[in-house]
Amino acid sequence: MDVIVGGGVVGLSIAWRLARQGREVVVVDPSPARGASYAAAGMLAPISEVAYTEEPLLRLGVASLRRWPAFAAALAADAGLTAPGSDGPATTLTAQSDTTVSAPRTTTTPNTYAGQSGSAVPAEGTLPTNTHVVTPHGETGRTSSAAPPASTHVAAPHGETGHAGSAPTGAGPAAASAVPGDGRFPAFDPSSAGGRRPSAGGEDGRAAASPWGFGESGEGSERLAAARAGLDLRDDGTLDVAFGPDDLAMLDEQAGFMEKLGLPVERLTGRGCRRLEPMLAPSVRGGLLARTDAWVDPRRVTAALLAALERLGVPVVRARVTELLRDGDRVSGVRLTPPESGAVPGISPGVPRGREPETLVAERVVLAAGAWSGELADVPVRPVKGQIMRLRSPQALIGRCVRGTVHGNPVYLVPRGDGELVVGATQEELGFDTRVTAGGVYELLRDARELVPGVTELEVADVVAGLRPGTPDNLPVIGPSGIPGLVLATGHHRGGVLLTPLTAAILEGEEADLATLCSPARFKDVS
């Protein structure tokens, strides 16, 4: 049995992929889908996130973005989502913390993902053998059209990753292996992008063809349409704007760097930026458009993953892992304790509350506990606090992700299909502090107003503080730990949602070249 420690988007996706292969899996998390995944903005934006010192991270991001259409389509099918106008029952992914995601169980998984054939799924009421704990499944997103009361949430352990850019705190050994060969970025070779390159486009707002497969037609189009609707998956690009000569010079250098790597970007004048996004501030002088960037609602993704796991009969144990069990030099399981507060632990049928198992024995433990991973193993992961706001408007202010640098701080705005506008995010090295602060809220609104003045008229729907799992080189830690029985999938920092499909693939032995970039072996063996 595989035990996945961490119920964020990374941990849940690993469990889902293993379960689709017929593996016996248990997920352990005191509050699934309520950690950094709940706070994340969900930008699938390797191009606009690029920095001169982060080419290895760029390679990972581009490779993972290429996997996102198939990942999303398969998840939509397994979660029971349907495209608008389709016949048949659909799963409703709810978003309030006190609601449950429900989906009818099926007997087969008819679709494939990343080359994996559909595996048998237990019939109604059945679970895999040797199942220790079963919990009422379902966690939260925010898809309700009604505006909820303004509220503040504190992210809980063990979630997976949030979002917001920063310069690396240290250069890792992998930094030298950035772009092979002639320096052109291999991900944009036409043969690896379905024979399509994005068109040059222009300032008229016409979308370029996606090299990632988001415009897929044929048998996969209906499932992808279900993913677009159910997960709020969009690929309308990212607009990075500048306010003055220094900002414009930085964007111009960035554009030259990306063009050298073969990455599709477009330089725009201030007028061109406002033609695309009329609500931008008049002071915007120019911008850089990455048309192939995308984004998704992480709360809907985690809700869909929980629904899919329920249909596959995968137990989700609402408990905290306090220790990795050892059998000689091998990790053999985990020790559990109920959550300190909040979520109720999962309970097996017929087992009285308060008598839940104290341990789970495992052939393999996958540590995907985000910022808390370092509490269970000697892995160089630290918490990086991020505060993020969700505003609500009856009409959309912007149609794509908009980002810029204001007062030296990076800020981004991400529109949701249900009228929300995500504004983020602070970046604070404050340990495990998850307080939402007045200063953090002020900075977010102040900087967002510089980009899009109309944000001050919107309703505040939500303010969240989450903890991203950072590493010394800003690259994730994915792969064997050096200890038999323990595998790592953590340290994704601001790219956890983007890197989710790639992480699961690397753990299954795919993408060997990219796996080297994020191998735990670049640090000392964990213990």
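Predicted model: local features only at pLDDT ≥ 70, side-chain atom pairs only at ≥ 80, totals over all residues.
Residues are numbered from 1 along each chain as its sequence is written, and side-chain values rest on heavy atoms, without hydrogens or water.

The protein holds ten helices and 20 strands. Both are DSSP runs numbered from the N terminus, with helices (H or I) of at least four residues and strands (E) of at least two. Of the 527 residues, 60% are buried. Buried means under 20% relative accessible area, exposed means over 50%, and partly exposed lies in between, for a 1.4 Å probe and protein chains only. The accessible surface comes to about 19300 Å², and carbon and sulfur atoms account for 52% of that surface. Accessible areas come from the Shrake-Rupley method with a 1.4 Å probe; for residues, only the protein chains shown count as cover. Contacts (heavy atoms within 4.5 Å) were also sorted by sequence separation. Among those between residues at least 6 apart in sequence, 79% join residues at least 24 apart.

Helix H1 (residues 9–20) packs against helix H7 (residues 298–311) at an angle of about 30°, with the axes 10 Å apart. H1 is therefore roughly parallel to H7. Axes are lines fitted to C-alpha atoms, for helices over the stretch in contact, and angles run from 0 to 180 degrees between N-to-C directions. Angles under 35 degrees count as roughly parallel, over 145 as roughly antiparallel, 65 to 115 as roughly perpendicular, and the rest as oblique. The crossing of H1 with H7 is left-handed. H1 contributes Val-9, Leu-12, Ser-13, Ala-15 and Trp-16 to the contact, and H7 contributes Val-301, Thr-302, Leu-305, Leu-306, Ala-308 and Leu-309. Nine of these residues are nonpolar, two are polar and none is charged. Here Ala, Val, Leu, Ile, Met, Phe, Trp, Tyr, Cys and Pro count as nonpolar, Asp, Glu, Lys and Arg as charged, and the others, Gly among them, as polar.

H1 also meets helix H9 (residues 500–507). Their axes come within 9 Å and cross at roughly 50°. This angle makes H1 oblique to H9. The crossing is right-handed. On the H1 side the contact involves Val-9, Val-10, Ser-13, Ile-14 and Arg-17; on the H9 side it involves Thr-500, Thr-503, Ala-504, Ala-505 and Leu-507. By class, the H1 and H9 contact has six nonpolar, three polar and one charged residues.

Backbone geometry was examined next. Most residues other than glycine have a negative phi, and most peptide bonds are trans. The bond from Gly-424 to Ala-425 is cis, with omega near -15°. Ala-425 sits in the loop between strand E17 (420–424) and helix H8 (438–451). Asn-474 has a positive phi, near 65°. This residue lies in the loop between strand E18 (459–470) and strand E19 (477–480). Asn-474 is buried, at 2% relative accessible area. His-493 likewise has a positive phi, near 50°. The loop between strand E20 (486–490) and H9 contains His-493. With a relative accessibility of 1%, His-493 is buried.

Gly-417 occupies the loop between strand E16 (409–415) and E17. Its relative accessible area is 60%, so Gly-417 is exposed. Gly-417 and Asp-297 are 120 residues apart in sequence, with a C-alpha to C-alpha distance of 9.2 Å. Neighbours within four places in sequence aside, Gly-417 contacts Asp-232 and Arg-234.

His-407 is placed in the loop between strand E15 (401–406) and E16. His-407 is exposed, with 55% relative accessible area. The C-alpha atoms of His-407 and Asp-447 are 7.6 Å apart, across 40 residues of sequence.

Phe-257 belongs to helix H5 (residues 245–260). Phe-257 is buried, at 12% relative accessibility. Its C-alpha atom is separated by 9.0 Å from that of Ala-51, 206 residues apart along the chain.

How values were computed: Left-handed = near helix turned anticlockwise from the far one by under 90°.
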